[in-house]
Structures are given as structure tokens and as C-alpha cells.
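Me: I'd like to learn how to read a fold from its coordinates. Could you take me through this one, feature by feature?

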Amino acid sequence: CKDRYIFGINSIFAEIFSEKMLQPVKEKIILGIDPGTNLMGYGLLHIKDNKAQMIAMGVIELSKYTSHYLRLGKIFERITSIIDSYHPDEVAIEAPFFGKNVQSMLKLGRAQGVAIAAAIERDIPITEYEPRKIKVAITGNGAASKEQVAGMLMRMLKIPAEDMHVQMDATDALGVAYCHYLQMRIPQAQSNNKVSSWKDFVNKNKDRVATPLQSKPSRPGIK
């Protein structure tokens with residue numbers, strides 16, 4: 001269908017763009033976190049030779065703890081343990097989305113804050129990404145489903161199908177880490193040269209746009 005066609009074109013463009021035009025990234029490990037109060041996803045990528053490879057992904061089960069404060073304590077404990085086990089160089093975390101339920105938003109913000117505190121405790125740089133930006137970076141579509149994000153990660157990271165049988169919170173977290181990797185590869189000059197329209201692009205990139213052929217003047221007597 002049309003949506004699948006557009007999704008495929010965007011994905012192919014993203015792959016070509018990342019290989020041909022992006023700057024290199026030093027070897028490092030990125031920890032991606034998808035905050036949650038019932039399930040908190042995490043995913044780790046190893047970046048080497050400008051290629052990303054999955055190290056691990058999973059979820060932190062929190063629903064069995066009845067106290068919200070106990071859940072926050074477990075989040076800090078588990079994130080700290082993951083950091084100590086894999087020694088990530090940077091942490092990327094999804095920013096909470098805006099919802100109608102204020103209490104749920106408050107709890108989600110607390111969960112994210114505790115995860116951030118765990119990274120700060122280990123002196124690790126942290127970057128936040130909006131959910132839509134993560135989806136655009138991976139699929140080219142800001143309204144992509146969790147299944148589409150997981151499918152693209154499986155393809156781009158060459159993850160075996162049997163390793164993808166996990167909760168979507170885990171693949172979402174891996175997506176945050178991969179989004180961060182792609183953002184690091186965008187040249188600074190290019191990231192600061194955003195355009196708002198095709199006309200704006202032409203004005204800023206005149207050397208990259210072909211000039212239309214001018215029509216030859218007609219000879220007298222010929223219409």
C-alpha cells in the first residue's frame with residue numbers, strides 16, 4: 001500500500017544518507033533507555049568502525065512492586081548495575097511524551113529522573129530524545145508503530161529473528177541508542193543548516209541545484 005511504499009523509500013534514503021554523508025564516530029558503547037513505571041526498557045550498542053552492533057537489550061520488571069517509591073529505588077539499582085556491567089560511554093533516554101493523565105505523567109517523569117540520576121552518579125553524559133524524533137531517525141516516519149521500529153532495527157543491525165522476541169520496551173530502548181548514534185554522525189554544520197521549504201533549500205544550496213535550460217530565441221518568421 002502507499003504507506004508501506006513511503007516507509008520503504010524513507011528507510012532506504014536513511015541508509016544511503018548514513019553511509020555516504022555522515023561523519024565517523026569513535027569507538028564507544030551507548031546505553032539507550034525507554035522509561036516506564038511498569039516496564040523500563042534498555043538496549044546497548046557497540047559502535048566500532050562506524051558500525052553499530054547490538055550488545056544486549058531487555059526490560060526491568062517493575063509491576064510486581066506495589067510501592068511507587070520502591071519501584072524508583074529498583075530503577076536506580078538496576079540502571080546502576082547495567083552501567084557497571086557494560087560501562088557505556090554515553091546514555092540516551094527517551095523524553096516523556098505529553099499525556100492527558102497528569103498522575104501517570106508525573107510517575108513517568110520520576111522514573112526517567114531516577115534513571116538519569118543513575119547515569120549522573122557514574123558521571124556519564126546523557127542526551128534526551130523525543131519519541132517522534134527517534135521514529136523519524138530510524139524509519140523516516142514520525143508516526144511509525146513500535147513494530148515498524150523493531151523491524152527496521154532488526155534489518156539495520158542484522159539482528160537474528162530469535163533475538164527479537166522481547167517486549168517492545170526493549171526494542172524501543174535500542175531505538176533510542178541507535179537514534180543517538182545517528183545524531184552523532186550528523187556534521188555540525190549540516191545540523192545547523194536546517195531548511196523550512198524547498199525554496200529555502202535552493203537559496204542555501206545554489207551550487208547543488210541545476211539551472212533550468214533556457215529556451216532558445218525563435219528565429220524571425222518562425223513561430
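Reply: Let's start with a term: contact means heavy atoms within 4.5 Å. This is a predicted model, where local features need pLDDT of at least 70, side-chain atom pairs count only at pLDDT 80 or more, and totals for chains, interfaces and linings use all residues. Residues are numbered from 1 along each chain as its sequence is written, and side-chain values use heavy atoms, with hydrogens and water left out.

Me: Good. Which residues is tyrosine 178 in contact with, leaving aside its neighbours within four places in sequence?

Reply: Tyrosine 178 is in contact with Leu45, Ala52, Ile138, Leu153, Met156 and Leu157, once those sequence neighbours are left aside.

Me: How do I read a nonpolar core, and which residues touch the most other members of the largest one?

Reply: In soluble globular proteins, nonpolar side chains tend to be buried together. A nonpolar core here is a set of buried Ala, Val, Leu, Ile, Met, Phe, Trp, Tyr and Cys residues joined through side-chain atoms within 4.5 Å. Buried means under 20% relative accessible area, exposed over 50%, and partly exposed in between (1.4 Å probe, protein chains only). The largest core has 29 residues, and Leu45, Ile138, Leu157, Tyr178 and Tyr181 touch the most other members. Strands S2 and S3 and helices H4 (131-139), H5 (146-156) and H6 (168-184) each supply at least two of its residues, with H6 giving the most, nine. Apart from this core lies another of 24 residues, among them Ile33, Leu62, Ile83 and Ala115.

Me: What are the elements themselves, from the N terminus on?

Reply: Helices (H or I, at least four residues) and strands (E, at least two) are DSSP runs, numbered from the N terminus. The chain has eight helices and five strands, and their sequence reads α-β-β-β-α-β-α-β-α-α-α-α-α.

Me: In what order do the strands lie in the sheet?

Reply: Two strands pair if DSSP finds at least two bridges between them. The five strands form an open sheet in the order S3-S2-S1-S4-S5, with mixed pairing. S3 (51-61) and S5 (126-129) stand at the edges with a single partner strand each, so one side of each has no neighbour in the sheet. The twist averages 20 degrees from one strand to the next; for such angles, axes are lines fitted to C-alpha atoms (for helices over the stretch in contact), and values run from 0 to 180 degrees between N-to-C directions.

Me: And which pairs are parallel or antiparallel?

Reply: S4 (residues 90-94) and S5 run parallel, joined by four bridges, and glutamate 94 has tyrosine 129 of S5 as its bridge partner. S2 and S3 pair in the antiparallel sense over ten bridges, with isoleucine 47 opposite alanine 52 in S3. Their hairpin has two residues between the strands, and aspartate 49 takes a positive phi near 55 degrees there.

Me: Which strands does helix H3 lie across?

Reply: H3 (residues 102-121) lies across S1 (28-34), S2 (39-48), S4 and S5, at about 175 degrees to S4.

Me: Which residues of H4 are buried?

Reply: Ile134, Ala137, Ile138 and Thr139 are buried in H4. They fall within an arc of 165 degrees seen down the helix axis (taken from the directions from axis to C-beta atoms), so they line one face of H4. Glycine 140 follows H4, with a positive phi near 85 degrees.
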